[in-house]
Amino acid sequence: MAEMLAVSDAQRGKIWLLTLPELEPAFCAEFAGCPGRLAVGGELFCADRAAPLLQRFSRRTLEPLGSFPIAPETEALAAAGERIYALSGAANCLQSFDAESCDLLRSAQVGVYPRALALIPKGRMLAVAGGTDCCLSLLDAEALVPRACW
């Protein structure tokens, strides 16, 4: 299968898979809500901007595979192996979920209104940035325990 780029279209309530490098539409799915942040792991995950839900789709066909609750106002999503990470600005927390069962594994407080999330290569550490405290935190990806803060 060709490489694809996943795009959320909040104005039209759709998620698109575009071929690379042509950027031609390959698949399109209606989104019951307002599509927001995306993360791709074994499947495609999309945060709903209108409700505190994370929706799961087949990454090959965009077939809906279900949804599950997350903290409100998702600022960022990331996928690593069998985990999905959701950063909530409103709840000031980082949540980790099992990508297959969608069970909440852990939740950790990460400053005041965190804004950005990045996975360190190999998925062992997470960097969380922003908020009113202007802090960059490095966390263990499995335990969600802070290792450093600048």
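Residues are numbered from 1 along each chain as its sequence is written, and side-chain values use heavy atoms, with hydrogens and water left out. Because the model is predicted, local features need pLDDT of at least 70 and side-chain atom pairs count only at pLDDT 80 or more, while totals for chains, interfaces and linings use all residues.

Helices (H or I, at least four residues) and strands (E, at least two) are DSSP runs, numbered from the N terminus. S5 is mostly covered, with five of its five residues buried; buried means under 20% relative accessible area, exposed over 50%, and partly exposed in between, for a 1.4 Å probe and protein chains only. In a regular strand the side chains alternate between the two faces of the sheet. In S5, Leu 44, Cys 46 and Asp 48 point one way, whereas Phe 45 and Ala 47 point the other way, and all are buried.

S5 pairs with two strands, where pairing requires that DSSP finds at least two bridges between the strands. Strand S4 (residues 35–40) runs antiparallel to S5 and is joined to S5 by four bridges; the two form a hairpin with three residues between them. Strand S6 (residues 53–57) is likewise antiparallel to S5, with four bridges, and this hairpin has four residues between its strands. Leu 44 takes part in both pairings: Leu 44 is the bridge partner of Val 40, and its own partner in S6 is Phe 57.

The cysteines come next. A search of the whole structure finds one disulfide, a disulfide being a pair of cysteine sulfur atoms within 2.5 Å. Cys 135 and Cys 149 form this bond, with their sulfur atoms 2.0 Å apart. The pair links distant parts of the chain, since Cys 135 lies in strand S14 (residues 135–140) and Cys 149 in strand S15 (residues 146–149), 14 residues apart. Cys 135 counts as buried because its relative accessibility is 14%. Cys 46 is buried, with a relative accessible area of 0%. Cys 134 counts as exposed, at 65% relative accessibility.

Three aromatic pairs are found in the whole structure; rings of Phe, Tyr and Trp (its six-membered ring) pair if their centres lie within 6.5 Å, and planes under 30 degrees apart count as stacked, over 60 as edge-to-face and the rest as tilted. The rings of Phe 45 and Phe 68 have centres 6.5 Å apart and planes at 75 degrees, so this pair is edge-to-face. Because Phe 45 lies in S5 and Phe 68 in strand S7 (residues 64–69), the pair ties together parts that are 23 residues apart in sequence. Both residues are buried, and together with Phe 97 they form one aromatic cluster.

Finally, an open sheet of three strands has the order S1-S2-S3, with antiparallel pairing. Strands S1 (4–9) and S3 (25–30) are its edges, each pairing on one side only. Five bridges join strand S2 (residues 14–19) to S3, and Lys 14 stands opposite Glu 30 in S3.
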